[in-house]
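Thanks for sending this one over. Here are my notes, in the order I'd walk through them with the model open on screen.

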Amino acid sequence: MFPLRYLEFPVSPEEEGRRVDAILKHHGLSTSAVRRAKRRPHGLLVDGEDIYTSYLVHAGQVVAILADDRAPSDIVPFDGPVEIRYEDDDLLVVDKPAGLTVHPCAGNWEDSLGARLVAYYRKTGLTADFHPVHRLDKGTSGLMAVAKHPAAQHALTAALHSGGFFREYLAVCEGTPHPAAGVVDAPLGRTEESYIRQCVRPDGKPARTHYEVLSSNARFSLLRLVLETGRTHQIRVHMAYLGHPLAGDFLYGTEAPELISRPALHSARLALTQPFTGARLVFESSLPEDMARLMEPHSQL
């Protein structure tokens, strides 16, 4: 049996006399995580003793909450490779290949990032479910954070659009945007005729994308992009809205399988704060070969 994963929080003098549930909420634990833990044997402890959420703590004591998943995942494991760039007791950072879905879905029920990670957990003896912090489209490659338990997922998701969690993308688009750097501020929502396709619409959800042209050739430009919001297909829709869809984007631009088999988008840089240790973690992933080829002088659509 893999050892139980507890999150531990020493009680400071300023926290003297506070309830256990208030202490845990202060440290980023969700109400549902606390509720789930208190229903489990030895789920909430103070100095190793079982307690209720109403227990009043004293300075110097240690509050502990059981954080891991005890029931096996509902996802059927699939034995496939996973490029793990970082791992600790609470999270992983993986480098996802293009063409792999994040979740099992129609057409991809067997192989997905979730199924591969569940298989990895079983190999290493960890009882854990798949807890993605954010999502990448099937065609998008690159860095992605995955929590190992609900408490970590809640804390990291809460930090997604703050200074504590930073994501930078590289993309190749058709043509060269003018100006060479700017912000696309255009609300996004679903089109009337499709459950998948998104569009710019006045009644959509706010969406802001920062872009910068890094280099150009006769047909394509390499862009650096940073999202303020995380809407579905945000980069793809915003670049098409500017008149410069991503190369190979079958949904918002022109499909070009002879050049690239997917929309040319890569999650290139990820920085986050480990929610329970406070450590700053920074990762980079180089431009994939299929996107680099597009920036060669002879590439054309």
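**Notes on the predicted model**

1. The largest pocket comes out at a volume of about 470 Å³. Its lining is made of 24 residues, and the closest to the centre are Asp137, Lys138, Gly139, Arg236 and Phe250. Keep in mind throughout that this is a predicted model.

2. What classes of residue make up the lining of the largest pocket? There are 9 nonpolar, 9 polar and 6 charged residues. Asp137, Lys138 and Arg236, all listed among the residues closest to the centre, count as charged.

3. Next comes the second largest pocket, with a volume of about 300 Å³. It is lined by 18 residues, and Arg135, Tyr169, Leu227, Gly230 and Arg231 lie nearest its centre. The elements giving two or more residues to this lining are E9 and helix H5, residues 234-241. H5 gives the most, with 3 residues. By class, the lining of the second largest pocket splits into 6 nonpolar, 7 polar and 5 charged residues.

4. Besides lying among the residues nearest the centre of the second largest pocket, Tyr169 stands opposite Leu225 in E14. The strands behind that pair are E9 (residues 165-174) and E14, which run antiparallel and are joined by 7 bridges.

5. What lies on the other pairing of E14? Strand E13 (residues 208-216) is also joined to E14 by 7 bridges, again antiparallel. E14 itself spans residues 220-227 and is mostly covered, with 6 of its 8 residues buried.

6. His233 deserves a look, as it sits in the loop between E14 and H5. Is His233 buried or exposed? His233 has a relative accessible area of 10%, so it counts as buried, the cut-off being under 20%. Leaving out residues up to four places away in sequence, His233 touches Asp137, Ile196, Gln198, Leu251 and Tyr252. One of these, Asp137, is also listed among the residues closest to the centre of the largest pocket.

7. Further along, Ala264 is found in the loop between H5 and strand E15, residues 265-273. Ala264 has a relative accessible area of 0%, so it is buried. Which residues does Ala264 contact, apart from its neighbours within four places in sequence? They are Leu170, Ala171, Val172, Leu246, Ala247, Met291 and Leu294.

8. For a sense of the span, take Ala264 and Leu45. They are 219 residues apart in sequence and 49 Å apart in space, C-alpha to C-alpha. Leu45 stands opposite Ala64 in E4. Strand E2 (residues 44-46) and strand E4 (residues 62-66) run antiparallel and are joined by 3 bridges.

9. E2 and E4 belong to an open sheet of 4 strands, in the order E1-E4-E2-E3, with antiparallel pairing. Its edge strands are E1 (6-10) and E3 (49-50), each of which pairs on one side only. As a reminder, strands of a sheet pair through backbone hydrogen bonds, either parallel or antiparallel.

10. There is another hairpin to check. Strand E5 (residues 84-87) and strand E6 (residues 91-96) pair in the antiparallel sense over 3 bridges. Ile84 has Val94 in E6 as its bridge partner, and 3 residues make up the hairpin that joins E5 to E6.

11. Finally, the chain as a whole. It has 6 helices and 16 strands, and its C-alpha atoms fill a box of roughly 70 × 40 × 35 Å along the principal axes. Of its 301 residues, 48% count as buried. The chain exposes about 14600 Å², with carbon and sulfur atoms supplying 53% of that. Among contacts with a separation of 6 or more, 67% are between residues 24 or more positions apart.

Definitions and conventions. Residues are numbered from 1 along each chain as its sequence is written. This is a predicted model: local features need pLDDT of at least 70, side-chain atom pairs count only at pLDDT 80 or more; totals for chains, interfaces and linings use all residues. Side-chain values use heavy atoms; hydrogens and water are left out. Buried means under 20% relative accessible area, exposed over 50%, partly exposed in between (1.4 Å probe, protein chains only). Two strands pair if DSSP finds at least two bridges between them. On a 1 Å grid over the protein atoms alone, a cavity is a set of points where a 1.4 Å probe fits but cannot get out, and a pocket is an open set with protein on both sides within 12 Å along at least five of seven lines; lining residues have an atom within 4 Å of a point. Grid points are joined across faces, edges and corners, and a volume is the space filled by probe spheres set on the points. Contact means heavy atoms within 4.5 Å. Accessible areas come from the Shrake-Rupley method with a 1.4 Å probe; for residues, only the protein chains shown count as cover.
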